[in-house]
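Hi,

Here is the structure I promised to pass on.

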Amino acid sequence: MPPVLLTFRLPLVLAALAAPVAAQTPPTATPARPPAQKVDEQDIQKVEIRGSTETYNPRRDDTATKIVVKGDEITKYGDTNVMEILKRLPGVSVGPRGIQMRGLGSGYTQFLLNGERPPIGFSTDQIHPDEIERIEIMRAASAEYSTQSIAGTINIIMKTNVRFKPKGGAQRSVSVGAGASKGGVSPYVGVSMSEPLGRFAYAVNANASRNVFERESHNMDEGYDAAGQLIRLRGTKVESRNESSSISATPRLTWTLENGENLTLLSSLHANRSKNRMHWETESTLGTPYTYRTVDSSSPSERRSMRTDFNWLHKLGAGAKLDLKAGVTYNSFRGDSRRLALAANGAPVQDDLTANESGETGFSSIGKYSTPIFEGHSLGAGWDLGFTGRDEDRFESIGRNGAAPVISDEIYRSEASRVAVYAQDEWNVTPRWSVYAGARWEGIQTISSGNTFDTSRSRTRVLSPLFHTLYKLPGIRGDQLRGALTRTYKAPATQSLIPRGYRSLNNSATVPDNLGNPDLRPELAYGLDLSYEHYWAPNALLSASVTAREIDDYTRNGLVLMPDGRWAIMPVNNGKAHVRSIELEAKFPVKALNPDAPAIELRANVARNWSWVDSVPGPHNRLDSQTPVTANFGLDYRTGPYSMGSSYTFANGGLVRVSTDQTRYQNVKRDLEAYVGWSRNKFSLRLALQNILAQDTIQDVTYTNKAGTTHR
């Protein structure tokens, strides 16, 4: 059943707005005018004042490519999570492998929160759309942010400015909503308040929500001999129910100094409690049956996170500025898991108990100095320092066939340190041509130690030169060309470096264990981006762009048979990979075509992505999890207090050859949603329908060994 979202928004207290009153001046006597004198026209200084209704648009005006999605666009559909917002943005797709740009998996797409990488274990579920100021999509890397962005960067900026009404008025507002889907009702309430207190001003956003959903999946396990004869057929039905409750708050305090500078203290607090219940029913029709008939599992967990940032923007004179930020983070997680497997006669076959507890503390320091050095030049330089320490304890008890359980206690600690320095120069060469040149050096060191493996160290050092250019075509208003040359990289995730395993229940070549690889190297990429943009009316855009990436030390998940007879996958470096993309985008109001047309806004974007890996024979040897085609079509209509709209997203799947003996298949994904809204006197109501098509997701994993035996 597609979820239905119902949202209300209502101000609690509205500050009175005082109309300005013109000062009254007593009349005075008019002095006598002196005799008129003849003035030579050559002595008159002419002053020409020009006005423009066009406002600054970062996508159109910045030299480096950047798409900015602001608050009204973010809250238009009444979304309750960030993933629903991102899937409608140009060049972005959301799938089983997370957030993607260029059709590439989430490891290639950099996700930032207020310009910084979020901590390990961070989930976008911790962010509610009401807390977001804007979303920035950067298709090519810039020196100011980390260059771990082979596909691009998505930067979510949380609300930091304290807004209040004129004449010292405070603001209060509340939002309430509920979503209904298969599994139950998911309520939400959010509160926002802000008020100036002399030179101080405070603001608080807080929200609480509960999400409930149910899901059903069916798995088929097939085996074929070398002659293609079916020798095994087994099936599994899985029913799951997830319940999650969360509460978060983002208090902000701003202090305005006498010289006009601001000190800002921003905190983000979040707590989440969830419970996931799953029930497996298995059936063996042909071949060796499963050792269990049913499996029941329950996984309750609690997660808490806190982040506080102190920001000082110091003005140095002559247009120079020093922007300093220091932050501290803390995250904790505790999760328990119970998994009980029964045979066909009801006897216990396996009884597993796992308790996991982790804590993470981090510190960061970011600084940026910017100054105009001479006409048309803006120089910037800065640093980015950070340290994160993570401790994790995992207790596991594995009981099989009534025997004494096998107990293991794993303790490990990881430390990640990063150092980055950068410099950049933006130069307006002519009124029509601007260039951006920058370089960023990043160093990352990860140390992992534990009681079940030897201490391992990993060091990554990357120097990234970057170049962007923007040229506005002469004689053609609104037409411009962009280009970018970049060097980016993908550092191994901390979890991928730790040589510890996660065991699967029904181990096989298609359901293997997971292992880390402490010898994993970063992937390095050279990139080229070219685009043509046509701004032909207010809020109207047509664009076409092409992209190329050349990746060294490409990382894939290698399948290996361990000495104990269990299958496992581990990340390995596997040579070169090549990526190509073409993207078309259109966005405009219908009034741009016909002034008498209704107030309808149309938007559409289509992307075609290609890739191939040298070490994997073709065909279909593209990067694992890459989406070949993505598309998004939408329209919005507004008349008086009413608004409505619809959005359709499409993501093509298909077959991909992961290695010589592994293939995967992902089905085509179609998603339709719609909304209607009404707003009057600071009160608004929105009803949204999501996942209207309720399409199933289909995945296919196949392994064929050298003898020709196939496991699917």
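**The nonpolar patch**

On the surface, F467, L485, L528, L530, V546, I582, L584 and W610 make up a nonpolar patch that has about 680 Å² of accessible area together. Patches here are built from residues with over 30% relative accessible area and no salt bridge, with nonpolar side chains (Val, Leu, Ile, Met, Phe, Trp, Tyr) joined within 5 Å and like charges within 9 Å. A salt bridge means a side-chain nitrogen of Lys or Arg within 4 Å of a carboxyl oxygen of Asp or Glu, and accessible areas are Shrake-Rupley values with a 1.4 Å probe, where for residues only the protein chains shown count as cover. β22 and β26 (577-589) are the elements that give two or more residues to the patch; strands are DSSP runs of E, at least two residues, numbered from the N terminus. I582 sits in β26 and counts as partly exposed because its relative accessibility is 40% (buried is under 20%, exposed over 50%, partly exposed in between, with a 1.4 Å probe and protein chains only).

Before going on: this is a predicted model, so local features need pLDDT of at least 70 and side-chain atom pairs count only at pLDDT 80 or more, while totals for chains, interfaces and linings use all residues. Residues are numbered from 1 along each chain as its sequence is written, and side-chain values use heavy atoms, with hydrogens and water left out.

**Cavities**

There are six cavities of 30 Å³ or more. A cavity is a set of points on a 1 Å grid over the protein atoms alone where a 1.4 Å probe fits but cannot get out, and lining residues have an atom within 4 Å of a point. Points are joined across faces, edges and corners, and the volume is the space filled by probe spheres set on them.

β20 (479-490), β22 (523-537) and β23 (540-552) each supply at least two lining residues. By class, the lining has four nonpolar, six polar and six charged residues.

The G618 to P619 peptide bond is cis, with omega near 0°, and P619 lies in the loop between β27 (600-613) and β28 (629-639).

N114 has a positive phi, near 55°, in the loop between β5 (109-113) and β6 (132-138). For N691, phi is near 55°, and this residue is in the loop between β33 (683-689) and β34 (699-704).

Cheers

Key. 1 Å grid on protein atoms, 1.4 Å probe; cavity = no way out; pocket = protein on both sides within 12 Å on 5 of 7 lines; lining within 4 Å. Helix = DSSP H or I, 4+ residues; strand = E, 2+ residues; numbered from the N terminus. Nonpolar A, V, L, I, M, F, W, Y, C, P; charged D, E, K, R; others polar.
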